[in-house]
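Dear colleague,

I am passing on the structure below, and my notes on what was found in it follow directly after.

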Amino acid sequence: MREIIYQRNERLLNAKIRQYLLPGIMMSLSLQLGNILDTIMVGNMLGTDAMTADALALPVETILQIPRYCLGTGGASPAFYRTAAAKK
């Protein structure tokens, strides 16, 4: 019986991973594309000094965004459970 439950859980988990893998990759790519375009625009419009400042500020910006990503990801599960419980 346990083996059947484990197989079922594995299938469900693999299905969910496949479902969310492409959107996750697309989100990461779009964020990086935004950084690349920002660097190109700053470099062309404001010069190399501004581009250097933008490149140095990027890690700081990323560190400041980490709590937002963590709260967004961690907050999605409780929000899902509350929504599902409210529908019952």
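On the surface, Leu13, Ile17, Leu21, Leu22, Ile25, Met26 and Leu29 form a nonpolar patch with about 700 Å² of accessible area together (patch residues have over 30% relative accessible area and no salt bridge, and nonpolar side chains are joined within 5 Å; areas are Shrake-Rupley values with a 1.4 Å probe; a salt bridge is a Lys or Arg side-chain nitrogen within 4 Å of an Asp or Glu carboxyl oxygen). Of these residues, Met26 lies in helix α1, residues 2–46 (helices are DSSP runs of H or I with at least four residues, strands runs of E with at least two).

This is a predicted model, in which local features need pLDDT of at least 70 and side-chain atom pairs pLDDT 80 or more, while totals for chains, interfaces and linings use all residues. Residues are numbered from 1 along each chain, and side-chain values use heavy atoms, without hydrogens and water.

The chain has 2 helices and 0 strands, and its C-alpha atoms fill a box of roughly 65 × 25 × 20 Å along the principal axes.

Best regards

Notes
Patches are made of residues with over 30% relative accessible area and no salt bridge: like charges are joined within 9 Å, nonpolar side chains (Val, Leu, Ile, Met, Phe, Trp, Tyr) within 5 Å.
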